[in-house]
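Hello,

Here is the structure for your use.

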Amino acid sequence: MSSNALGDEAFEQPPDLHEKVKRYKASSAAGGFQAIWQSLRHTLGEMGLYRSVKSLLLVNQKRGFDCPGCAWPEGKKRSRFEFCENGAKAIAEEATRKKIDASFFEKFSVEELAKWSDFKLGRSGRLTHPMVLDRGATHYREISWKEGIRRVAEALKSLPDPNRACFYTSGRASNEAAFLYQLFVRMFGTNNLPDCSNMCHESSGVGLSSTIGIGKGTVSLGDFEKADAVFVIGQNPGTNHPRMLTALRSAKRKGAKIVSINPLREVGLFRFKHPQKVGDMFGSGTELTDLYLQVKINGDVAALKGVMKRLFEMESERPGSVLDMSFIETNCEGFEAFRSDTNNTDWGSIEEGSGLTKEELGSAAEIYAKANRVIICWSMGLTQHVNGVSNVQSCVNLLLMRGNFGREGAGACPVRGHSNVQGNRTVGVWENAPDSFLQKIGEVMNFDPPRGHGLAVVPAIEAMKNGKVSVFFGLGGNFISATPDTDYTDMALRSCDMTVHVSTKLNRSHLVTGKEALIFPCLVRSEIDEQPSGDQFVTVEDSMGLVHRSEGHLEPASQNLWSEVRIVAELAAEVLDGKGPDWLELSDDYDKIRDLIEKVIPGFERFNERVREPDGFELPNGPRSGRFGTPDGRACFTINPIPNTKLKSGRLQMMTIRSHDQYNTTIYGLHDRYRGVSFDRRIVLVNRKDLDRLKITDNERVDITSSFGGRNRIARNFLCVAYDIPEGCCATYFPEANVLVPIEKFAERSLTPASKSVEVQISKRN
Ligand SMILES: Nc1nc2c(c(=O)[nH]1)N[C@H]1C(S)=C(S)[C@@H](COP(=O)(O)OP(=O)(O)OC[C@H]3O[C@@H](n4cnc5c(=O)[nH]c(N)nc54)[C@H](O)[C@@H]3O)O[C@H]1N2
Ligand SMILES: Nc1nc2c(c(=O)[nH]1)N[C@H]1C(S)=C(S)[C@@H](COP(=O)(O)OP(=O)(O)OC[C@H]3O[C@@H](n4cnc5c(=O)[nH]c(N)nc54)[C@H](O)[C@@H]3O)O[C@H]1N2
Ligand SMILES: [Mo]
């Protein structure tokens, strides 16, 4: 990592240099024997036989723990093996037998560790002791829990204003930990609760709330078997939500058509060999996608407009055959304006904006119009753009045209990332929580919560950088690596007086610190959480609004670990000097936290009782049963202009994506098997024609520059890989390329960093 003179020097995610990059033909199907082999290789290697078997038999089971991987639901009929390759890697990563203790930190200074790659940092093992980096110190040293908590409390209490602190959350915290955390933060006096959602599905939350009146998806797992068509837009389920392929497979087998809209032909969208189906394993698997549209990056508003324009044309050719006018008239508003905007958009701008032809878009319209029940799934390919909210609203428009809400087999399906990111929001981790929530929590907990907008991720970085926030606290996550504009964020974190992380493993955020830094190590989901009242379970909410329990059964990595709930409770008790509930009583018995959640949040009636039922329970979701939560109860059609995606000459539009071997900033390995590249993560996928035009060859090393807001950001020494990607587009991995994502470029209304549309220049290395 180099010094951060903004502009010319680049923060480098230190590379892994031990093996030469390898290129090969990518797998032709997702899943299969490789998936089983990789699951075993990772779990056995990290956890040994006993822990592996025990955890793999308990993951996602009714009395087991929730997979720490993605938020895809389990469904009622569970198989004995309810996990996927990447879930197994996530479990192995956290339940590893490798540990680091105080002697590790005595040996390696912060400066030395900063030179390690993310892969190497993660591989060092589980954190087992609270650690502190004193002012001016070069090494972390062990500190007792009591003293650590006291130091953080002292720093918080001495702030002249509670808004000078911010409290980040990554979406792995349980409902109980998250509820207690936001309660503590609000009693302390601030709404500064930035979270990973701000960088993730915030555009979905905003786009859905404004149109259908709930910031969540409207389908359940069972709907996939009833759908006639599923659109998968801007998502790579083969890597990021492998268990979703099982749902797509069943949809397909029942006759549904699948339309994929993605600049990349992601393997998992094309063919799936279910690792538990013998027929699939020895046969060729199930073909998934019926129609693939290779949209250009950020061409989705244009593409969806094209599909909708074609639907209007078809309706006027055969009146009454396409639109569901009775649904529209009874349930929607804004239709006429939407219709004229769509009709007035010319095919030229649609084709140019999307990179797709009228015929291709017409084929998608045919599939949509023939299907009585349609689900649209999407993820980061839609949300992480300046017009991310418009992308989501366009999906809603398309669904509304044929009344695809309020019936089985149909609806909106934003596919969430972190395993409890949706639950965190539900229980109040939200810098912009609605007044109704604040009012209620104030009444129940007998305090006057702060009102007004707290800081989301991007404004929080700016506030730290400008000296307006001086204490950063992170409940999980890896802020420096997950956020945009790494140089800028590096300066922001370093200008804090104190940075504190509750973590399971070492990561770069422990090495880019405020003047003083602390690490509090915590238990993971798969571990036994013993408190004075007995062993505890926690609860999580999946991507489809189902709340269920999660209970660990493995021996903790160290007896010295605390649960997240306990860490929050002890800190709250120390900071708030007896104000608020009896925090320690709550952390002794999580049922008592659930009683509070029940009192504050609608939909949690009889929480403790219902969550003990084997399948948990579903939170209320109006649109699922055709009741929209907007002020007048009607769903809204919206007008979403085609964004201007023209680039200056010689530039490319870059998206930052995940490889097959990572979980966000945690690198499991160095293989991107579904894309055919191993042993190097500093790669850039480029269309061969663009390479020719730039006079750069396949396999050549280049520097990538992004210029925005008067600043050049540089990422050095990336390997060009000629790839099947639309001309004018390129792709790099997150977090290596985050240095290029401008802090000033984020989604309108949701503030999500535009990490899928970064304008870059690729140049030969000097
Ligand atoms: N194994 C594993 N599982 C994970 C994660 C992980 O890192 N590893 N992360 C978790 C988290 S937090 C999240 S949010 C999800 C993320 O899940 P995804 O959203 O699937 O993750 P990304 O790799 O960001 O992939 C985005 C996809 O969108 C496409 N795309 C990019 N730009 C555009 C565009 O402009 N238009 C369209 N139509 N497509 C585009 C890319 O080609 C890519 O296929 O996965 C979760 N699950
Ligand atoms: N350029 C670019 N940037 C992106 C994205 C992108 O697509 N492109 N994606 C964005 C998205 S979708 C997201 S969600 C964010 C993710 O941002 P974060 O959630 O901040 O990042 P993670 O990498 O998931 O965090 C990993 C760390 O969490 C800690 N951890 C793991 N499990 C636990 C646990 O149970 N408890 C606690 N306390 N700590 C735990 C470990 O120490 C680990 O190192 O990144 C965003 N950043
Ligand atoms: Mo995410």
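**Ligand 1 and its shell**

Lys756 places a polar side-chain atom 2.8 Å from an oxygen atom of ligand 1, a polar contact being a pair of N or O atoms within 3.5 Å. Backbone N or O atoms also lie by oxygen atoms of ligand 1: one of Met380 at 2.9 Å and one of Gly234 at 3.3 Å. On its own, ligand 1 has 910 Å² of accessible area, and the protein covers 99% of that (Shrake-Rupley method, 1.4 Å probe).

This is a predicted model, where local features need pLDDT of at least 70, side-chain atom pairs count only at pLDDT 80 or more, and totals for chains, interfaces and linings use all residues. Residues are numbered from 1 along each chain as written, chains are lettered from A and ligands numbered from 1 in the order written, and side-chain values use heavy atoms, without hydrogens and water.

There are 32 residues around ligand 1 (a heavy atom within 4 Å); Glu266, Asn298, Asp300, Gln662 and Asn664 come nearest. By class, twelve are nonpolar, 16 polar and four charged, with Gly counted as polar. Domain 1 (22-26 + 647-764) and domain 3 (204-414) each give at least three residues to this shell; the bounds come from an automatic or database domain assignment.

**Second largest pocket**

The lining of the second largest pocket has 40 residues, with Ile214, Gly215, Lys216, Trp430 and Pro434 nearest its centre. A pocket here is an open set of points on a 1 Å grid over the protein atoms alone where a 1.4 Å probe fits, with protein on both sides within 12 Å along at least five of seven lines; lining residues have an atom within 4 Å of a point. The lining comprises 16 nonpolar, 16 polar and eight charged residues.

Regards

Conventions
A polar contact is a pair of N or O atoms within 3.5 Å; within protein, one must be able to donate a hydrogen and the other to accept it, and residues adjacent in sequence count only if both atoms are side-chain atoms.
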